Amino acid sequence: MSFNAFKALACPLDGGPLTQAEGAWRCAAGHSFDIAKQGYVNLLPVQNKRSNDPGDSKAMVAARQRFLNAGYYQPIADAINHVALNGAPEDMPLSCLDAGCGEGYYLRQLAQAASDNTQLELIGLDISKWAAMAAAKQSFHKEQGRQKDPSATWVVGSNANLPVQSASLDRLLCMFGFPVMSEFARVLKPGGVLLQVEAGANHLRELREIIYPTLKPERSGEQLVPEGFTAQVAETVSYSLTLNGKESIADLLAMTPHLYRASAEGRERAAALETLTVSVDVRVIKWIKNAT
């Protein structure tokens, strides 16, 4: 595959196009956003933050990086790659945003799965500066003795106000994240594909049974088709994985919201485990942006 820089960023303050020059992104109104030395740009205005350090903590990002790099969620990445790359044009770039990219695992997997003829324009966005920093520090190409290639644009930002120009994306990933369908519809091109991954009824059930006194009943009912999209058939990815060692089990718990939802007693029960077999059960939902 080959990479083209994703350039269709928008100013988070006025919505105008941003252009990159001299280590910063700037709009015509004079707003300027410096590119950090790690390679990411912060496009989350302070007035849009709900806390001083929103999103995943540095420790949560590190746990997710260790867990995902161990390959435990490779089947999920494979399913995403198959759908995202299906129908990719060979004569023009395929632009893809991971909205809630974490430390960049799924975009790296997408890049590795692309054919030699595929041109990619990749952008990863996360509300956590620690996630964007970790993603920018990693590279799709690790050739010894050579400086890494800037294979993606990494951004601190919010799904509620994506700093991306309208109708500029062919693909959009939302992996266990917080979907804002009106914004997703705005930034996708007509015919563009939104891939939404969400936990199924049995996802990590064995872990949840350990850390919670009881499990909440699963929500029932069909998912409504978001405005601006056409529904597609959802694919289920289900399998079991076995975690050996306290570190892997702790990393799984730390990368999920369950770490903070569980009681101290529940976390202690998980910390005492030496091995754990859990079910992975996720739905991959494909939405198509309407032409009009």
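At the start of H4, serine 128 brings a side-chain oxygen to within 3.2 Å of the backbone nitrogen of tryptophan 130. This is a predicted model, where local features need pLDDT of at least 70 and side-chain atom pairs count only at pLDDT 80 or more, while totals for chains, interfaces and linings use all residues. Residues are numbered from 1 along each chain as its sequence is written, and side-chain values use heavy atoms, leaving out hydrogens and water.

Let's stay with H4, which spans residues 129-137. Ala131, Ala132, Met133, Ala134, Ala135 and Ala136 are buried there (under 20% relative accessible area, with a 1.4 Å probe and protein chains only). Their cover includes strand E5 (40-42), helix H1 (58-69), strand E7 (119-126) and strand E8 (153-156).

Next comes a helix pair. The axes of H2 (residues 74-85) and H3 (residues 105-113), lines fitted to C-alpha atoms over the stretch in contact, come within 9 Å and cross at roughly 60 degrees. H2 passes H3 in a right-handed crossing. The contact (heavy atoms within 4.5 Å) involves residues including Ile76, Ala77 and Leu85 of H2 and Tyr105, Tyr106 and Leu110 of H3.

Finally, the cysteines: the structure holds zero disulfides (a disulfide being a pair of cysteine sulfur atoms within 2.5 Å).

Terms used
Buried means under 20% relative accessible area, exposed over 50%, partly exposed in between (1.4 Å probe, protein chains only). Helices (H or I, at least four residues) and strands (E, at least two) are DSSP runs, numbered from the N terminus. A polar contact is a pair of N or O atoms within 3.5 Å; within protein, one must be able to donate a hydrogen and the other to accept it, and residues adjacent in sequence count only if both atoms are side-chain atoms. Axes are lines fitted to C-alpha atoms, for helices over the stretch in contact, and angles run from 0 to 180 degrees between N-to-C directions. A crossing is left-handed if the near helix is turned anticlockwise from the far one by less than a right angle, and right-handed if clockwise.
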